Amino acid sequence: MAKGIREIRRRIKSTKNTRQITKAMKMVAAAKLRRNQEKAEAARPYADKIQEVIASIASGTSGSKHPMLQSRPVKKTGYIVITSDRGLAGGYNANLLRKVITTIGEKHKSKDEYGIFVIGRKGRDFFNKRNYPIVKEVTGLPTSPEFADIKQIASAAVQMFANEQIDELYLCYNKFQSAISQIPTVKQLLPLEALESNTARTMNYEYEPSAEEVLADLLPKYAETLVYSALLEAKASEEGSRMTAMGNATDNATDMINRYTLSYNRARQAAITQEISEIVAGANAQA
Amino acid sequence: MSKMTVEVVTPERVVFSGEATMVIARGVAGELGILPNHIPLVTPLKVAPVRVKTTGDKETLIAVSGGFLEVRGDKVTILAEAAELPEDIDVARAQAAKTRAEQRLKEKQADLNQRRAELALQRAMTRLFVANNK
């Protein structure tokens, strides 16, 4: 009996250790989540401004003929998939990757019809293992990525579109809804969907050197900005998802500890009772 | 003297925000001096320092790369992929980048690398210029 008790005590101890870790991870994730949300917030003025200027050019001139604004017959599709580098984030990566696989499965028959730009170790390993065509990859991004960190992959994707190597570009990431809810999303990035131009805010700009050239300069930048803001949102989602997962793990650990403590006490009591009855029986036998 | 508001914004944050009497920037079509009440204008910028003359004859230099400038009413907005104030510049890093770019230019590789090295050199020189002219 004593051995059983020791076993239970060991389990309680190890579960307590686990709980300590998951609790710490939850708190770290919460702090990072807040930081990433602020970062996503800070990135908004830039994206808004570019969009505003592009919309006013596109509405005012013949600029909307730019290839990035026009859809063409699709021969090859690009996907930018944003995943995390580390696990322990609940269904964060699994949900997104499942969604991507379903989308690809529905749309394409062969592997020649698409290419994947993958951000994050988890996604890269996933696609590598299943022999999906990876065009370019970025891993080991910091928790709060800078624009320069993904500039290369974003501009490579945009460049491929401009060179007509791909005819469509999709952005796959976990959209941040709230700290407890993230939605895997597949969004069309290029060709850019018709930008809504708010006529009241449209200005008559002077363009230097010309409206077309300004537009040609801005559109790739805008697309890259969209990738960056998606990345920031995905990072916020990641921390949110991790926070929830770790919160659940901590709760589960607490439950387990309670159950173990109960059975530990039961076993202890049983052992005492047994000892007493043995002593009593021994005393009775001698009398 | 009339004034205008100036904002320098990157994808990460607002680098500079304040009032100014004049903004001098290098656009793709040439040097530009913007005074208050300029007509609305949009132009991409070259990799170069932007000079913002604030009130009281003070001048702030900002290293800007990959950006464009928008003037609307009494507001000048510079959107850039990277922008730094003199005090934020890592001089050692810029110096290293400059040496590296010069090295690459000397080796004369393929066209694409050449172009990249030129841009890198320009960025590094802009940063150093801004940092040394506080």
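Biologist: In what order do the elements of chain B run from the N terminus on?

Modeller: In this predicted model, the secondary structure of chain B amounts to two helices and eight strands. Read from the N terminus on, the order of these elements is β-β-β-β-β-β-β-β-α-α.

Biologist: How does the radius of gyration of chain B stand against the globule rule?

Modeller: The C-alpha trace of chain B spans about 50 × 25 × 25 Å along its principal axes. For 134 residues the globule rule gives 14 Å, and the value for chain B is close to this, so the chain is as compact as a globular protein of that length. The radius of gyration of chain B is 16 Å.

Biologist: Among contacts in chain B between residues at least 6 apart in sequence, what share joins residues at least 24 apart?

Modeller: Buried residues account for 35% of the 134 residues in chain B. As for the contacts between residues at least 6 apart in sequence, the share that joins residues at least 24 apart is 53%.

Biologist: Is strand 8 of chain B mostly covered or mostly open, and how many of its residues are buried?

Modeller: Strand 8 of chain B pairs with strand 1 (residues 4-9) of chain B in the parallel sense, over five bridges. Strand 8 of chain B also pairs with strand 7 of chain B, in the antiparallel sense and over nine bridges. The strand is mostly covered, and of its 10 residues the number buried is nine.

Biologist: Which residue of strand 8 of chain B is the bridge partner of Glu7(B), and which is that of Glu70(B)?

Modeller: For Glu7(B), the partner in strand 8 of chain B is Thr77(B). For Glu70(B), the partner in strand 8 of chain B is again Thr77(B).

Biologist: Which residue takes a positive phi in the hairpin of strand 7 of chain B and strand 8 of chain B?

Modeller: This hairpin has two residues between the strands. The residue with a positive phi, near 55 degrees, is Gly73(B).

Biologist: Which element gives the largest share of the side of chain B that touches chain A?

Modeller: The contact draws 21 residues from chain B and 21 residues from chain A. On the side of chain B, the elements that give two or more residues are strand 5 (41-44), strand 7 (58-72) and strand 8 (75-84) of chain B. By class, that side has 12 nonpolar, four polar and five charged residues. The largest share, four residues, is given by strand 5 of chain B.

Biologist: Which element gives the largest share of the side of domain 1 of chain A that touches domain 2 of chain A?

Modeller: The domain assignment divides chain A into domain 1 (2-25 + 246-280) and domain 2 (36-244), and 49 Å separate the centres of these two domains. Their contact takes four residues from domain 1 of chain A and four residues from domain 2 of chain A. On the side of domain 1 of chain A there are two nonpolar, two polar and no charged residues. The largest share of that side, three residues, comes from helix 5 (residues 211-286) of chain A.

Biologist: Why do the buried residues of helix 3 of chain A line one face of the helix, and within what arc do they fall?

Modeller: In helix 3 (residues 121-129) of chain A, the buried residues are Lys122(A), Gly123(A), Phe126(A) and Phe127(A). An α-helix has 3.6 residues a turn, so residues three or four places apart point the same way. The face turned away from the buried side carries the exposed residues Asn128(A) and Lys129(A). The buried residues line one face because, seen down the axis of helix 3 of chain A, they fall within an arc of 120 degrees.

Biologist: Is Asn174(A) buried or exposed?

Modeller: Asn174(A) lies in strand 4 (residues 168-178) of chain A. Among the residues it touches are Tyr92(A), Leu96(A) and Ser237(A). A residue with 20 or more other C-beta atoms within 10 Å counts as buried. Asn174(A) has 29 such atoms within 10 Å, so its state is buried.

Technical notes:
Residues numbered from 1 in each chain as written. Chains lettered and ligands numbered in written order. Predicted model: local features only at pLDDT ≥ 70, side-chain atom pairs only at ≥ 80, totals over all residues. Contact = placed C-beta atoms within 7 Å. Nonpolar A, V, L, I, M, F, W, Y, C, P; charged D, E, K, R; others polar. Domains from an automatic or database assignment. Buried ≥ 20, exposed ≤ 12 C-beta atoms within 10 Å, placed from the backbone. Rg over C-alpha atoms; globule rule 2.2 N^0.38 Å. Pairing = 2+ DSSP bridges. Arc of directions from axis to C-beta.
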